[in-house]
Amino acid sequence: MSVVILENILLVGLIVCAISAPLCRHLLLTVIVYMSFSLIMAVLWILLESPDLAITEAAVGAAVTSILFFLTLKKIHALTCTERNQHE
Amino acid sequence: MRALLENRFAVTAVILFGIGLANMLLQKNLIKKIVGFNIMDSAVFLLLASRGFVEGRVAPIVAEGMADASLYINPIPSGLVLTGIVVSVSISAFSLALVQRIYHAYGTIELDELVMRVKKEAD
Amino acid sequence: MNKPDEKKSRWTRFSAWVNGKSVIIPEEDLFPGGDLRPAPGKKCGREFCRSAEREGERLYSFLSGYTFAAVVVGVIVIGILMATVMALPRFGQPDNPTNNEVSQRYLEKGEEETGAPNAVSGMILNYRGFDTFGESCVLFLAVSCVFMLLLRDEKNTHPKDLAQIAREEAADDSSRDVILQQVSSMIIPFIFLFGIYTLLNGHLSPGGGFSGGSMLGGGLILYVAAYGSRKIQRFFNGKVYNIARVCGLMLYAILFGYYIFTGANGLPNHIPLSIGGLILPIDVAVGLVVACTMYGFYAMFTKGEL
């Protein structure tokens, strides 16, 4: 019974992360919330009894996707714009 | 209402798909569109993999001599989703590369500024 | 009547774009301050903004209509999906139509025919091996596309950028983060060990080509992030990278081609099913392709060359 409760909590967590990810004002927050979204997905795969997916989602979805997002943000100067805004 | 609670994974997948679709269509920032697209991807994978789950059964690692199908969950959906996850990473990497080139060419990734600059350049 | 020249300019613009002549707005007009990359909030040049208002109204009407249409489409799609979810069979029932004879066949005969206790790996690399080969080609193409977009060499980079990258490179090398180096010198062996373990035990335990390969890719990324690209050039430069990628795909094609032509037609194919049959080498091939893909993305996104 406790597994069902855990699954419900994780599903609600998924929906909260999915709603809040794009609504964050700053792009860096969006990517970080998206990282937590794929982390919850990895845990959900374990609860759905498919460990292959959990390893792949954790190794690929959470890690590599987020690195690529952070590098893109660095390239489009979205990371540093907070300091630049404060200067102006 | 009871059907909603029973198929809770499918309902969550539909809600996530809706959120992702709304973001992809309505967000102005290209990066947020890509995040919306990834959320849609995960929603589809969640729906697919949850259809393969059978209660009270174990992960499909066939133990020695116990090759009886009623002990394990359905391996086919998790096989499909495994390759899907890796492909969705490649797609988001490719779209992020496009975003970088757009920024390098037009200096912005906000859609309305971008459309104006493209129109301006077309005149 | 500017229809023909409108079309002509569109056609000339399209042909200019196709054969690569740069159609980008001249820089002075776009960045009046001469600074190549303005902050998103910076005010744009005076004449540029006057034409912006005229465009603004047309754009505003387009955007509001577009938003309304997008919301309507979204609501319709979600309504249809929610209706179908109502009609879906209950979650997790053994007698669901999805648990038909195909999954029984995979589970019961899987170990004898593919030699892999892990039914998922056995199914992906043996029963559906051709489809996974197509998917490895997708990975191969994804990296090639990112190469085409982001590969930076003397010809296509602005001299100002090149000078800036050289400065960044020098700054990076001089001030390597000591903490990152110390921690990664401890972690990287374990990442590679675990990645190789997952890769090689794909048919016995959960894991396999994809997750093992991405762990190896992640390990390479950490190594480059910690020690800089000059140190990785010793054992993993551009040439080795391409050789590894192509060899991975070719190994997959050759092995699975051999299996299809002999195994499927019942010819004696001397593949020892007791030690996991063909799953192990194909896992290694897929792992190579996935690891090179992940490392290629990182290399392209940071420096633009391998």
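Predicted model: local features only at pLDDT ≥ 70, side-chain atom pairs only at ≥ 80, totals over all residues.
Residues are numbered from 1 along each chain as its sequence is written, chains are lettered from A and ligands numbered from 1 in the order in which they are written, and side-chain values use heavy atoms, with hydrogens and water left out.

Okay, rings. Over all chains we have 17 aromatic pairs, meaning Phe, Tyr or Trp rings (the six-membered one for Trp) with centres within 6.5 Å; planes under 30 degrees apart are stacked, over 60 edge-to-face, and the rest tilted. Take A:Tyr34 and A:Phe69: they sit edge-to-face, 6.0 Å centre to centre, with 65 degrees between the planes. A:Tyr34 belongs to helix H2 (residues 27-47) of chain A and A:Phe69 to helix H3 (residues 51-75), 35 residues apart. Helices here are DSSP runs of H or I, at least four residues, numbered from the N terminus.

Buried or exposed, what is A:Phe69? Buried, at 0% relative accessible area, and A:Tyr34 is buried too, at 7%. The cut-offs are under 20% for buried and over 50% for exposed, partly exposed in between, using a 1.4 Å probe and protein chains only.

Over in chain C, ring pairs link a cluster that includes C:Phe147, C:Tyr223 and C:Tyr295.

Now the C and B interface. Here 71 residues of chain C are in contact with 68 residues of chain B, contact being heavy atoms within 4.5 Å. About 6100 Å² is buried between them, 71% of it from carbon and sulfur atoms; that's the accessible area (1.4 Å probe) two parts lose on being put together, summed over both. C:Phe91, C:Leu107 and C:Leu149 supply 13% of what chain C buries there, more than any other three residues.

How many salt bridges cross between chain C and chain B? One: B:Glu6 with C:Arg90, closest N and O atoms 3.2 Å apart. The rule is a Lys or Arg side-chain nitrogen within 4 Å of an Asp or Glu carboxyl oxygen.

Last, chains A and C. That contact takes 16 residues from chain A and 22 from chain C, burying about 1700 Å². On the chain A side, A:Asp52, A:Ile55 and A:Lys75 lose the most area, together 28% of what that side buries. Salt bridges between chain A and chain C: zero.

How values were computed
Helix = DSSP H or I, 4+ residues; strand = E, 2+ residues; numbered from the N terminus.
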